[in-house]
Amino acid sequence: MTTPKTPLRPLHLLLAFAAAVLLLPVPAVLAQDDASGVRTLAQHTADVYRQAARYPNDSRPVEAGALDPVRAERVPAPHSLPGRNADSPLITVWSREVSFEAPAPVDLYATVDRPGQGGGKGQSQGQGGKVAAAISGEVITADGETVGSVVYNDDGKGVDRRAGDGIYSARFTLPQGAVPDLAASFGVRVTAKTADGETVGTTGGFLYSNPHAHLGGEIRDEVRDGNLVMSVEVTVEKAGRFHLAGTLAEMNGTPVGWAQTAAELEPGTHTLELSFYGLMFRDHGVAGPYRLASLSLSTTTSMPNALNDLVEDAHRTAAYPLSAFTDRGFGNPGLLQAADRLVAAPGKAGH
Amino acid sequence: MTLRSLGYLRHLALGLAVAAAALLALPAVAQPCFIFVHGKQTNTNTYTSYSAARNYWVSGSRDFIQTATRNYTASYYVVGYNGTRPYWESQSAGEVANEIVAATNGTADGGGHACAKTYAQGGTFWVIAHSMGGPVMDFILGNNDSSDPNYNYNGPYSTVASRISLAITLSGAHRGSEGADAVCFQSNPFCSFIAQFIQSCDDATYWLRSSDDVQVKTYSNAPARSVYLTGGYEAIFGASACLSGEDDGVVQYASIYACNGSATASYDNSNVCGNSSKQESSGFFNLDGAHENHDDIRNDSDRDTRRQIPDGIWTCSGSPCSPNTVVQSSMSSAQFVSILW
């Protein structure tokens with residue numbers, strides 16, 4: 001078949017020229033620091049380190065608009081696996097928690113979506129709408145041993161919140177023999193069969209934790225050396241290493257900063273201290289009281305760590321004026337030294 | 001000659017000119033020693049054989065290390081670890097940490113290559129990590145402080161963090177790979193990763209799934225040293241169909257660029273997460289995207305288009321280029337690294 005030819009006209013030439021201009025690349029260069037001549041990657045890194053050096057390693061501010069970093073690591077994210085073809089159903093799975101603390105049951109969820117027109121790869125999840133499906137799951141250890149199975153339902157009963165919303169739910173109780181001494185990762189092989197007879201599957205998972213310490217309940221706050229120190233009582237049942245992290249927020253929930261600590265502890269009652277570096281309150285510009293918006297304890301004796309359930313809104317501090325807190329940068333020596341090495345002048349260290 | 005081909009040649013010439021100018025304009029700055037950390041393996045070869053670890057970075061006459069070091073102008077050290085073990089184990093993260101410290105002490109790698117200056121002599125060290133090397137470095141750099149959850153878990157993480165200047169990851173599997181989801185427990189036999197390193201659900205693959213319980217972010221703090229992110233968007237037939245958004249045939253963009261939220265969110269060069277939306281609250285920074293697949297990006301075999309991404313490193317007329325702008329027409333990631341120092 002011959003394609004009809006059209007003679008070039010001035011308008012066509014103009015359009016062709018415009019198209020050619022559009023096809024030309026924008027001259028692009030690596031960003032450079034024009035004053036020192038130092039390449040940006042080194043200079044950028046040094047700038048980042050110098051800025052970060054205002055704070056110690058164990059306590060930092062949360063950037064404006066950023067998520068509570070302690071809570072963010074405990075919020076499970078749905079994950080999907082596209083089907084083989086662009087119009088294949090997309091299966092998405094997630095669990096109620098990143099980690100379930102024994103003896104809690106495990107709640108699992110799944111949806112099956114039909115990609116929209118021209119959808120599939122590269123499209124937003126669930127763009128074409130939910131698809132009814134028969135969904136089942138097999139719970140498997142990291143070694144591949146099956147410990148149980150579940151059927152997901154969308155009937156509004158039990159763990160399923162609403163019938164017919166396309167979110168299928170299942171509750172699984174880990175057999176006693178499968179409960180780990182500390183923590184274990186479990187995979188969930190999920191298979192969905194749609195009414196059209198299509199089968200899709202993916203692998204989900206969850207952590208099951210049997211932590212060796214628990215929060216004791218008492219939390220105190222005080223200003224010490226210009227920093228806000230939270231003393232948190234911890235009851236240890238079995239010796240090991242324990243990690244505590246918390247995010248302090250304004251009363252309206254806006255995160256201000258986080259702090260963490262870790263220690264080797266023997267059985268008994270102990271106090272762990274979270275020291276929120278005072279400069280973060282000055283930088284944030286909002287006086288107390290503050291909320292301990294999230295508090296996470298974990299047993300980190302070995303991998304995988306055992307995560308206690310996240311405690312939200314764990315404590316409310318006294319009303320501290322900003323003047324109670326230090327306005328001096330910490331001067332983190334490790335970061336400052338790293339910055340100096342990166343942009344050392346010729347003849348000095350690093351060249 | 002068509003207008004398109006004329007445009008392409010112009011494109012090519014400009015790209016080469018820019019690259020040459022960038023090379024000629026090199027200022028006198030600290031010359032780093034490069035430490036190379038490979039990705040996942042289906043056997044222990046790179047752990048037991050130096051030549052296997054070294055050849056990981058080679059394809060025919062092309063050699064990532066030769067190119068990135070500007071024909072060995074910079075010194076280098078090649079790490080070999082057990083790429084079949086989970087990223088956090090002693091033969092993976094522990095081995096990598098020990099080797100990095102050895103490199104900074106001036107010890108030669110298995111091929112006799114040592115950093116030109118030790119840390120004590122004022123040397124600086126950049127880590128280049130591919131694929132699973134990403135979460136390995138995340139685990140090390142996120143557990144370097146005594147307040148971190150897994151401080152010095154099985155190696156000298158604190159020494160590593162104090163001695164290296166930065167890390168650059170090439171298609172790092174920071175959030176795992178959907179390929180691992182497909183392969184593990186044969187959950188989706190339609191997704192073919194038969195030719196890829198995740199062809200079986202070994203222990204390393206299990207810990208590279210998208211589920212939060214195996215993600216490095218669950219067991220680490222923010223990295224103590226900046227981690228710069230570049231990755232590929234050239235598909236691999238069969239495998240890429242099972243990956244969300246842009247991908248390099250093995251790892252999807254949400255993982256390559258260490259995005260927060262879902263590890264399987266669909267991203268491309270226009271909308272991949274910026275520096276404020278990473279898996280940790282700080283420490284991860286975007287560089288750019290390359291039209292290379294997961295293998296190409298580590299062996300300099302495909303000198304192809306590069307594109308700006310949100311918060312990327314390239315500037316156009318003095319301002320950051322718009323995301324998805326073609327910034328280079330024929331530059332491999334090895335060449336890209338060579339103009340960063």
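Trainee: Quick one. Which residue in E13(A) is the bridge partner of A:Arg224?
Mentor: A:Asn227 is the bridge partner of A:Arg224. Keep in mind that this is a predicted model.

Trainee: How do the two strands run, parallel or antiparallel?
Mentor: Antiparallel. Strand E12 covers residues 213-224 of chain A, and strand E13 covers residues 227-236 of chain A. Nine bridges join them.

Trainee: What sits between E12(A) and E13(A)?
Mentor: Two residues, and the strands form a hairpin. Look at A:Asp225 in the turn. A:Asp225 has a positive phi of about 55 degrees.

Trainee: What is the strand order in the sheet?
Mentor: In chain A the order is E12-E13-E16. The sheet is open, has three strands and pairs in the antiparallel sense.

Trainee: Which strands stand at the edges?
Mentor: E12 and strand E16 (268-276) of chain A. Each has a single partner strand, so one side of each is left without a neighbour in the sheet. From one strand to the next, the twist averages 20 degrees.

Trainee: And how many bridges pair E13(A) with E16(A)?
Mentor: Nine bridges, again in the antiparallel sense. For one example, take A:Val229: the bridge partner in E16(A) is A:Ser275.

Trainee: New topic. What is the average pLDDT of chain A?
Mentor: The average is 87, and 84% of the residues score at least 70.

Trainee: Where is the pLDDT below 50?
Mentor: Residues 1-8 of chain A are one such stretch. Beyond near neighbours in sequence, that stretch has one contact in the model. Residues 345-351 of chain A also have a pLDDT below 50. There the model has 15 contacts beyond near neighbours in sequence.

Trainee: Over to chain B. At what angle do helices H5 and H6 cross?
Mentor: Roughly 70 degrees. H5 is residues 90-104 of chain B, and H6 is residues 133-141 of chain B. Their axes come within 9 Å.

Trainee: What do we call that arrangement of H5(B) and H6(B)?
Mentor: Angles of 65 to 115 degrees count as roughly perpendicular. H5(B) and H6(B) are therefore roughly perpendicular to each other.

Trainee: Is the crossing of H5(B) and H6(B) left-handed or right-handed?
Mentor: Right-handed.

Trainee: Which residues meet there, H5(B) to H6(B)?
Mentor: From H5(B), B:Ser92, B:Ala93, B:Val96 and B:Ala97. They meet B:Val136, B:Phe139 and B:Ile140 in H6(B).

Trainee: How many are nonpolar, polar and charged?
Mentor: By class, the contact of H5(B) with H6(B) has six nonpolar residues, one polar and no charged ones.

Notes: Residues are numbered from 1 along each chain as its sequence is written. Chains are lettered from A and ligands numbered from 1 in the order in which they are written. This is a predicted model: local features need pLDDT of at least 70, side-chain atom pairs count only at pLDDT 80 or more; totals for chains, interfaces and linings use all residues. Two strands pair if DSSP finds at least two bridges between them. Helices (H or I, at least four residues) and strands (E, at least two) are DSSP runs, numbered from the N terminus. pLDDT is the predictor's confidence in each residue, from 0 to 100. Two residues are in contact if their C-beta atoms, placed from the backbone, lie within 7 Å. Axes are lines fitted to C-alpha atoms, for helices over the stretch in contact, and angles run from 0 to 180 degrees between N-to-C directions. Angles under 35 degrees count as roughly parallel, over 145 as roughly antiparallel, 65 to 115 as roughly perpendicular and the rest as oblique. A crossing is left-handed if the near helix is turned anticlockwise from the far one by less than a right angle, and right-handed if clockwise. Ala, Val, Leu, Ile, Met, Phe, Trp, Tyr, Cys and Pro count as nonpolar, Asp, Glu, Lys and Arg as charged, and the others, Gly among them, as polar.
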